[in-house]
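Here are my notes, as promised. Have the coordinates open while you read them.

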Amino acid sequence: MSAEAMHRYKLVEFGRPVEAVDEPLPELSGTEVLLRISACGVCHSDLHLIDGHFDLGQGQKLDMSRAMKLPHVLGHEIVGTVLAAGPDAGAVPMGERRLIYPWIGCGQCATCQAGDEQLCLKPRALGVNVDGGFGTHVVVPHSRYLIDIEGLDETLACTYACSGLTAYGALKKIGRLGEGDKALVIGAGGVGLAAVHLASAVLGVQPYVADLDPAKREAALKGGALAAVDPADPDLRKSLLKETGGFAAVIDFVGASSTAELGVGLLRKGGHFVSVGLFGGAITLPLPTLAMRGISLTGSYVGSLQDLKELVELIRRNGTYPLPVTPRPLDDVQTSLDALRGGKVVGRIVLEPAAR
Ligand SMILES: [Zn+2]
Ligand SMILES: [Zn+2]
């Protein structure tokens, strides 16, 4: 074993700042692969994981403290270089740079076998259930989770593992829309803007966008949105229904009570509402209208390994989307998390250990 050590930041107690820990490199077993990390995005869901819960609305909370054993290394948008492999790892791309698919399941159950590891009931998601990327090194259980990003910018490419995949996975839940069908994206943050960019390739239409922030509406229009509307406009629902006849698809990247109510209300008969954002909240839904309008409500959580491979291929073919990324040294992890919590981050902060 080399004298190289792992420098990582661990969440030791929920709600507290992460702490630096230096440890020797781990002994690898089975098919495990060790990567030296070159980039790891700081995602909004890291804040929920630090808090230890998600807000379910009406005073209810989803407790994450049982899924996450402390101390724990967060970070799930990881690019690294393959450094070492366990005895059963077989042929691995040693010394090569790879994007890691982090939403890893048990690999055994029917859901995993069907390729939906992100929905496994015994998840081993990097940065959520097992140690992730806020550090210099990460262990991945198998090289099948490594995706070649040759030729792509790694500071941006790491974000495909969560924000990009979340956008792509949600669009795929809808699939190709019919002639004349309209789509609406609610929330033009990083994930929403990625969806706007990817919509024409996946849905076959350019979407409308709704966002409270005029700067984000502007960014959405620049990014290819057909129109950008203000959800605070009291006449919005009426005017949009008149203009469009209702949307065939609405994707809610915010996930607040107000955005879900707006989105479900704007569906045409037979339309699909996809809930993605984890802001928190709840809605009441008159059940007869669900049946009589023939609408469907779906949740979408990140995406599958296959989805991430498809997304990387799509970006290779069509070019990437304009997500502003700010590289920062790994040791800035806590100030980066604080900035994100304070709403001061435009786009993504990406931690780069080499910049120590
Ligand atoms: Zn994320
Ligand atoms: Zn499983």
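The points below go through the metal site, the aromatic pairs and the nonpolar cores.

1. A caveat before anything else: this is a predicted model, so please read every value here as computed from that model.

2. I'd start at the zinc ion (ligand 2). Its protein donors are the SG atoms of Cys106, Cys109, Cys112 and Cys120, at 2.3 to 2.4 Å from the metal. Along the chain these donors are spaced as C-x2-C-x2-C-x7-C. Both Cys112 and Cys120 are buried.

3. What geometry do the four donor atoms make around the zinc ion (ligand 2)? The angles they subtend run from 105 to 116°, so the arrangement is tetrahedral.

4. Next, the rings. The count comes to three aromatic pairs, and two of them deserve a look here. Tyr101 and Tyr145 have ring centres 6.4 Å apart and planes at 20°, which makes the pair stacked. For the label, planes have to be under 30 degrees apart; for pairing at all, the centres must lie within 6.5 Å.

5. Where do these two tyrosines sit? Tyr101 is in the loop between β7 (97–100) and α2 (110–113), while Tyr145 is in the loop between β8 (137–140) and β9 (146–148), so the pair ties together parts 44 residues apart in sequence. Tyr101 is buried, with a relative accessible area of 0%. Tyr145 is buried as well, at 3%.

6. The other pair to check is Trp103 with Tyr301. Their ring centres are 5.8 Å apart and the planes stand at 70°, so this one is edge-to-face. It links distant parts of the chain: Trp103 lies in the loop between β7 and α2, and Tyr301 in the loop between β15 (296–299) and α10 (305–318), 198 residues apart.

7. Finally, the cores. The largest nonpolar core has 88 residues, and Leu99, Phe134, Tyr160 and Leu308 have the most contacts inside it. At least three of its residues come from each of domain 1 (5–162 + 303–355) and domain 2 (167–299). Another core, of 16 residues, lies apart from it and includes Leu184, Val229, Val250 and Leu262.

Definitions and conventions: Residues numbered from 1 in each chain as written. Chains lettered and ligands numbered in written order. Predicted model: local features only at pLDDT ≥ 70, side-chain atom pairs only at ≥ 80, totals over all residues. Heavy atoms only, no water. Core = buried A, V, L, I, M, F, W, Y, C linked by side-chain atoms within 4.5 Å. Buried < 20%, exposed > 50% of the residue type's maximum accessible area, 1.4 Å probe, protein only. Domains from an automatic or database assignment. Donors = N, O, S within 2.8 Å, 3.2 Å for Na, K, Ca; no water. Tetrahedral: all angles 85-135°; square planar, octahedral: opposite > 155°, others 65-115°. Phe/Tyr/Trp six-rings, centres within 6.5 Å; stacked < 30°, edge-to-face > 60°. Helix = DSSP H or I, 4+ residues; strand = E, 2+ residues; numbered from the N terminus.
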